[in-house]
Amino acid sequence: MRAAAQSVAQPTPRVGDHWRFASEHRLTGRTSEEPRTVRAVQAERILCDNDSSDPAFARGVFVYTRALNLLARPALAAAGDSAQDAGQWRWQPYYPHFRFPLRPGLRWQGEARVTNSATGTTNIHRYTAVVGDAQSITV
């Protein structure tokens, strides 16, 4: 099957599932690895333990929709801050990482309000997403 003709259905994560993302900071060119492990699967949400080789990454429990779109994550903290000091970012509606089924060339855009009640901060995130061609990787 040609990569351009492939479609990816929504996965069904289970507790203990583990995957790793390669991440590239588009401004600095710095790369990092971001492992995720499913901690809990609930009726409306999936909780994952997220980590990164990037020292500035906000580690901890991330909350996703069942379609793996971001609902909440720990805020970045200054050295010595606790999770309570930094608070948590919450998106309304969710931050749409995915729109299944994925197909190369599929595009979507919109905006979401993100708030942190611990700091009293609110931002509007505007996004545009484009699904790229499938790639083969060796692990």
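Leaving out neighbours within four places in sequence, P96 makes contact with N69, W108 and Y127, where contact means heavy atoms within 4.5 Å. Welcome to a predicted model, in which local features need pLDDT of at least 70, side-chain atom pairs count only at pLDDT 80 or more, and totals for chains, interfaces and linings use all residues. Residues are numbered from 1 along each chain as its sequence is written, and side-chain values use heavy atoms, with hydrogens and water left out.

**Around P96**

- P96 sits in the loop between β6 and β7; strands here are DSSP runs of E with at least two residues, helices are runs of H or I with at least four, and both are numbered from the N terminus.
- With a relative accessible area of 6%, P96 is buried; the cut-offs are under 20% for buried, over 50% for exposed and partly exposed in between, using a 1.4 Å probe and protein chains only.
- P96 and A67 are 29 residues apart along the chain, and their C-alpha atoms are separated by 8.9 Å.

**Overall layout**

- The protein chain contains one helix and eight strands, following the pattern β-β-β-β-β-α-β-β-β along the sequence.
- Of its 139 residues, 30% count as buried.
- The protein chain exposes about 9,400 Å², with 49% of that supplied by carbon and sulfur atoms; these accessible areas come from the Shrake-Rupley method with a 1.4 Å probe, and for residues only the protein chains shown count as cover.
- Among contacts in the protein chain with a separation of 6 or more, 31% join residues 24 or more positions apart.

**The sheet**

- Eight strands make an open sheet in the order β1-β2-β3-β4-β5-β6-β7-β8, with antiparallel pairing; two strands pair if DSSP finds at least two bridges between them.
- At the edges are β1 (18–24) and β8, each of which pairs on one side only.
- From one strand to the next, the twist averages 25°; axes are lines fitted to C-alpha atoms, for helices over the stretch in contact, and angles run from 0 to 180 degrees between N-to-C directions.
- Strands β3 and β4 run antiparallel and are joined by six bridges, and C48 has F62 in β4 as its bridge partner.
- Ten bridges link β7 (residues 107–116) with β8 (residues 121–130) in the antiparallel sense, and R107 has V130 in β8 as its bridge partner.
- The hairpin of β7 and β8 has four residues between the strands, and G120 there takes a positive phi near 70°.

**Nonpolar cores**

- The largest nonpolar core has 14 residues, and those with the most contacts inside it are I46, C48, F62, Y64, L70, W89 and W91; such a core is a set of buried Ala, Val, Leu, Ile, Met, Phe, Trp, Tyr and Cys residues joined through side-chain atoms within 4.5 Å.
- The elements giving two or more residues to this core are β3 (45–50), β4 (60–65), β6 (88–95) and β7.
- Apart from this core lies another, of eight residues, among them L102, L106, A129 and V131.
- Beyond its neighbours within four places in sequence, W91 is in contact with L70, L71, A72, R73, A112, R113, V114 and H125.

**A buried arginine**

- R36 belongs to strand β2 (residues 31–41).
- R36 counts as buried because its relative accessibility is 12%.
- Not counting residues up to four places away in sequence, R36 touches D17, H18, W19, F21, D49, N50 and Y64.
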